[in-house]
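Biologist: I have a model open and I want to learn to read it. Can you take me through it step by step?

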Amino acid sequence: MQFKTIIEPFRIKTVEPIRSTTRGQRETAIREAGYNLFSLKAEDVLIDLLTDSGTGAMSSQQWAGMMRGDESYAGARSFYRFEAAVQKITGLKHVLPTHQGRAAERILFGSVLKPGDIVPNNTHFDTTRANVEHRGAVGLDIPIPEAREPQTIHPFKGNMDLEALQKVLSEQGDQVPLVMITVTNNSGGGQPVSMANVREASAICHAHGKPLFLDACRFAENAWFIKMREPGYADKTPLEIAQEMFSYVDGATMSAKKDGLANIGGFLAMNDNDWAQKCRTMEILGEGFPTYGGLAGYDLEAIAVGLEEVLDEDYLRYRIRSIAYLGDRLDAVGIPFIKPTGGHALYIDAKALLPHIPWNEYPAWAFSNVLYIEGGVRAIEIGSVMFGRQPDGSEKPAAMELVRLAFPRRMYTQSHVDYLAEVLEYVHGMRGRIRGLKMVVEPPVLRHFTARFEPAHDVLVVD
Ligand code: F0G
């Protein structure tokens with residue numbers, strides 16, 4: 001008998017209370033925060049879905065591993081355990097620990113990019129793009145066209161447009177030092193990339209003599225989607241699938257705060273000896289000696305264990321299903337979101353949900369504010385506040401107005417998801433009364449983190 005109820009494949013040994021607040025307290029808190037959810041105190045949030053990065057719960061095995069951490073400056077035992085765990089999955093020759101994903105990006109791009117270079121990717125995550133642009137290079141996003149259509153169902157909506165890749169390598173290959181694929185495609189909705197797409201992208205890159213790197217933050221979730229959706233993989237384990245995926249690439253950047261199941265950490269890995277040499281030099285300048293790379297020995301242990309646990313089938317089934325379950329609940333009441341649901345998050349389509357709010361009154365930002373006021377839930381806007389300001393100073397609408405509900409790993413239970421669905425249904429019911437916001441303080445870079453807002457029409461929700 002296959003029972004339908006989703007149960008967490010773990011039991012709870014340590015608990016951390018979450019604090020209930022009244023609607024009035026939340027109204028005050030958000031007003032004082034300048035209607036910016038980043039400026040709230042976390043303890044004023046009931047369910048925090050701001051990010052799945054570094055926010056998960058560690059297992060008893062990880063905590064036990066941390067007690068075994070070897071804090072030697074050079075050649076620590078913990079490094080060799082970490083290196084072995086990374087190499088078992090990736091097969092890559094050189095493994096450089098880093099304090100998080102963006103440090104791996106900075107080291108890689110700082111070592112191999114020069115001004116005018118182009119880095120194609122299915123879709124750069126914002127720190128990846130920022131690190132490419134910091135070198136004076138161009139981050140080129142070439143997802144398949146379906147990636148930008150929220151309602152279109154496609155099993156591998158994270159795929160790279162291989163014709164576009166072929167074209168850029170044929171026409172501007174001299175300017176391309178490497179190509180990247182992000183699994184899963186975070187900015188595009190947490191959507192997976194198929195094995196066929198990685199394999200073919202790899203063949204195209206290698207035919208042009210270019211290395212292919214994975215942004216591997218959510219490699220295990222991607223492996224699970226391949227197992228579920230791609231012909232020929234149903235009987236393979238997530239580890240075997242991940243190993244095949246990495247076998248096609250020449251290197252990887254990784255934030256262990258996602259599929260490393262750790263609260264901090266990451267790595268840069270690659271096969272090329274010359275590049276590894278350059279990257280180790282950069283690493284020493286900014287992160288630390290190459291056997292600890294900005295991490296404590298105990299962090300290396302936590303990641304080594306996490307990389308193994310994240311490939312557990314029961315865990316991956318529960319994780320992906322609980323997000324799909326939220327999608328089913330929202331579908332039943334007609335709340336629009338990016339379909340199908342992704343690996344680590346559900347992305348509500350605020351442009352479709354609040355058509356009466358113009359893009360420059362930030363519909364997704366307004367929706368996430370109301371979600372907090374009504375239910376104490378914190379989400380993140382991925383829309384015109386985050387992406388509206390252009391390098392030339394003009395302001396343009398973002399391609400999509402999304403509210404991302406990112407699920408921390410192993411942290412919330414199924415009843416939290418039920419509560420979340422109830423809050424979303426309630427806020428959806430009042431959508432006609434939600435109004436937009438105007439930005440009253442705008443910082444020059446990454447404005448969404450610290451900008452301040454006021455309701456554009458006296459109140460955020462009309463009676
Ligand atoms: N690449 C992707 C695809 C990411 O999602 C992130 C982080 C990074 C790189 C950078 O890793 O944070 O360890 O430096 N994403 C987080 C998020 C912040 O909320 O999506 P990091």
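Biologist: Which residue forms a salt bridge with Glu-221?

Modeller: Remember that this model is predicted. To find a salt bridge, look for a side-chain nitrogen of Lys or Arg within 4 Å of a carboxyl oxygen of Asp or Glu. Here the partner of Glu-221 is Arg-409, and the closest N and O atoms are 3.1 Å apart.

Biologist: Which residues are linked with Glu-221 and Arg-409 in a network of salt bridges?

Modeller: The network also takes in Asp-52, Arg-218, Asp-259 and Arg-319. By the same rule, the count comes to 27 salt bridges.

Biologist: Is helix 8 enclosed or open?

Modeller: Check how much of each residue can be reached; under 20% relative accessible area is buried. In helix 8, residues 219-229, nine of the eleven residues are buried, so the helix is largely enclosed by the rest of the structure. Glu-221 is one of the buried ones, and so are Trp-224 and Lys-227.

Biologist: What do the buried residues of helix 8 pack against?

Modeller: Their neighbours include helix 3 (77-90), helix 7 (195-207), strand 7 (251-255) and helix 12 (313-332).

Biologist: Which residue meets Lys-227 in a salt bridge?

Modeller: Glu-313 does, at 3.8 Å from N to O. Glu-313 sits in helix 12 and Lys-227 in helix 8, so the pair links distant parts of the chain, 86 residues apart. Now compare accessibility. Lys-227 is buried at 10%, whereas Glu-313 is partly exposed at 25%.

Biologist: How is the protein divided into domains?

Modeller: Domain 1 covers 23-52 + 312-455, and domain 2 covers 60-309. Their C-alpha centres lie 27 Å apart.

Biologist: How do I read the area between them?

Modeller: Interface size is often given as the accessible area lost when the parts come together. Domain 1 and domain 2 bury about 2,400 Å² between them, with 56% of it on carbon and sulfur atoms.

Biologist: How many salt bridges and polar contacts are there between domain 1 and domain 2?

Modeller: There are six salt bridges between the two domains. The rule also finds 16 residue pairs in polar contact across the interface.

Definitions and conventions
Residues are numbered from 1 along each chain as its sequence is written. This is a predicted model: local features need pLDDT of at least 70, side-chain atom pairs count only at pLDDT 80 or more; totals for chains, interfaces and linings use all residues. Side-chain values use heavy atoms; hydrogens and water are left out. Buried means under 20% relative accessible area, exposed over 50%, partly exposed in between (1.4 Å probe, protein chains only). Helices (H or I, at least four residues) and strands (E, at least two) are DSSP runs, numbered from the N terminus. Contact means heavy atoms within 4.5 Å. Domain bounds come from an automatic or database domain assignment. Buried area is the accessible area (1.4 Å probe) that two parts lose on being put together, summed over both. A polar contact is a pair of N or O atoms within 3.5 Å; within protein, one must be able to donate a hydrogen and the other to accept it, and residues adjacent in sequence count only if both atoms are side-chain atoms.
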